[in-house]
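I'd like to walk you through one model, so let me put it up on the screen.

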Amino acid sequence: MDAENLVVVGSGPAGVSAARAYREAGGTGPVRLLTADPDPPYERPPLSKEFLRGEADLPPLDEELAEKHDITITLDDPVTELGEDSVRTASGAVHPFTACVLATGAEPVRPDLPGADHPDVRTLRSAADSRALRAAAHGVRSAVVVGAGFIGCEAAISLTRLGLQVTIVCPDDVPQEKRLGPDAGRFLLRWLKSEGVSVLRGTKLLSVESGHRVRTDLVPVLDAGLVVLATGVRPRIGLAEAAGLAVERGRIRTDEHLRTSKPGVLAAGDVALAYNPAAGRALAVEHWGEGLAMGEVAGRTAAGEEAVWDEVPGFWSVLGDRVLKYAAWGDGFDRARPFPRDDGGFTVWYEREGRTVGVLTHEADEDYERGQDLIKRGVTASPSS
Ligand SMILES: Cc1cc2nc3c(=O)[nH]c(=O)nc-3n(C[C@H](O)[C@H](O)[C@H](O)COP(=O)(O)OP(=O)(O)OC[C@H]3O[C@@H](n4cnc5c(N)ncnc54)[C@H](O)[C@@H]3O)c2cc1C
């Protein structure tokens with residue numbers, strides 16, 4: 001592929017990184033980055049952390065992108081149609097391309113339960129969502145966060161630090177039990193409690209009344225000033241589906257160069273199900289760093305390079321003042337081996353059929369670094385680790 005005219009759809013890490021990498025790889029011609037977001041490109045992770053707490057401004061994502069790399073950025077104008085060699089936006093503009101990168105990310109899922117779609121019930125994905133959540137937190141005393149994934153846990157801690165009494169409705173016995181195993185879940189539970197967050201374990205949401213009254217199967221009614229749904233995301237594949245691109249497991253299927261089934265069209269970030277040759281299979285990943293890494297591969301591929309996405313996906317979560325680092329293929333394990341340390345740090349090694357497939361660490365950077373190599377080589381960490 002050697003594009004002469006690149007269109008990038010989406011201003012998250014995958015889109016920004018694709019546009020930048022295209023230029024850095026010598027890609028010529030016009031480059032246009034189109035986004036539905038009204039805010040100039042920004043970093044998403046602080047939206048549940050310091051930005052939500054009002055401790056920091058919105059951190060820009062590559063302020064030099066437009067000027068240094070000669071990229072035209074159009075905000076607040078979603079692409080509505082992907083054609084043969086052009087895209088159409090909501091404003092009616094048509095932009096031709098020889099290569100197009102779809103980096104439309106994912107959007108929060110609201111469970112199909114009574115009241116979950118009430119406008120006062122919040123979700124958290126964009127800067128606008130985070131601003132609205134912070135504004136709503138002023139003047140209320142309590143919040144219910146539904147879901148104990150990383151975004152739910154981070155948002156719950158931030159809201160607690162804003163002075164609210166926060167309860168998490170957690171469907172598993174401990175947070176993220178299915179994803180990270182019971183030992184890691186117990187660490188998370190302890191941290192949430194130490195931050196003053198209450199956790200209703202093994203509890204399912206049944207409905208939300210009037211945007212504020214939460215019914216669960218365990219506690220009949222929780223009345224909260226604020227309800228936040230952190231119940232997972234759905235990749236935004238509408239454009240790709242309508243254009244007939246191959247879609248698998250709810251994501252746009254790509255090869256290791258991030259090329260989709262349609263010549264000239266690539267996909268990167270949360271929206272992609274990309275083949276990773278080091279894993280030997282296609283992976284679905286929802287991490288900031290992977291957005292950047294996949295975007296870079298897509299941009300370089302569009303510029304005609306032989307770039308390949310073969311990294312072990314890595315994720316960091318900041319829970320109050322504690323940092324968790326997780327590197328994993330992310331598609332399951334059959335054994336989790338926890339190694340707590342006296343200083344409060346820990347490592348959990350994840351294996352499948354005797355091979356290391358993941359590592360979770362807190363204050364054990366050497367294991368995190370080593371883990372990425374062990375995962376890539378598919379060997380087991382030594383028992384003393
Ligand atoms: C609150 C929060 C905290 C997070 N914290 C962490 C963290 O600590 N660590 C971590 O690794 N990951 C974190 N993540 C996940 C990480 O942010 C995502 O994995 C990453 O942003 C995905 O990047 P992306 O570029 O694929 O998509 P996104 O960042 O979602 O960007 C998609 C872009 O596409 C645009 N778009 C969508 N549809 C259209 C359209 N039709 N036309 C034009 N534009 C469109 C959107 O407006 C947006 O700009 C967090 C996510 C959230 C929401």
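This is a predicted model: local features need pLDDT of at least 70, side-chain atom pairs count only at pLDDT 80 or more; totals for chains, interfaces and linings use all residues.

**A walk through the model**

Let's begin with helix H4, which is mostly covered: 10 of its 12 residues are buried. Buried here means under 20% relative accessible area, exposed is over 50%, and partly exposed lies in between, with a 1.4 Å probe and protein chains only. Residues are numbered from 1 along each chain as its sequence is written, and side-chain values use heavy atoms, with hydrogens and water left out. Helices (H or I, at least four residues) and strands (E, at least two) are DSSP runs, numbered from the N terminus.

Back to H4, residues 150-161. The buried set includes Phe150, Cys153, Glu154 and Leu159. Just after H4, glycine 163 takes a positive phi of about 100 degrees.

Now, cysteines. How many disulfides are there by the rule of cysteine sulfur atoms within 2.5 Å? The count comes to 0. Cysteine 153 is in no disulfide, and the nearest cysteine sulfur, on cysteine 170, is 7.7 Å away. Cysteine 153 counts as buried because its relative accessibility is 1%. Cysteine 100 counts as buried too, at 0%.

On to the sheets. Five strands form an open sheet in the order S3-S2-S1-S7-S20, with parallel pairing; two strands pair if DSSP finds at least two bridges between them. Strand S3 (71-74) and strand S20 (265-267) are the edges, each pairing on one side only. Neighbouring strands of this sheet are turned by 15 degrees against each other on average, direction ignored. For angles, axes are lines fitted to C-alpha atoms, for helices over the stretch in contact, and angles run from 0 to 180 degrees between N-to-C directions. Helix H1 (residues 13-24) packs on the sheet, touching S1, S2, S3 and S7, and its direction makes about 175 degrees with that of S2. Contact, by the way, means heavy atoms within 4.5 Å. Helix H7 (residues 288-302) lies across S1, S7 and S20, at about 165 degrees to S20. S7 and S20 pair over 3 bridges, and leucine 102 has alanine 267 in S20 as its bridge partner.

There's also an open antiparallel sheet of 3 strands, in the order S13-S14-S15. S13 and S14 are joined by 4 bridges, with serine 207 opposite arginine 215 in S14.

Last stop, helix H8, residues 365-377. Its 13 residues should span 18 Å, and the end C-alpha atoms are 19 Å apart, which agrees. Which residues of H8 are buried? They are Asp367, Tyr368, Gly371, Leu374 and Ile375. What covers them includes strands S23, S24, S26 and S27. Threonine 347 counts as buried, at 2% relative accessibility. And just after H8, glycine 378 takes a positive phi of about 70 degrees.

How values were computed
The expected span of a helix is 1.5 Å times one less than its number of residues. A disulfide is a pair of cysteine sulfur atoms within 2.5 Å.
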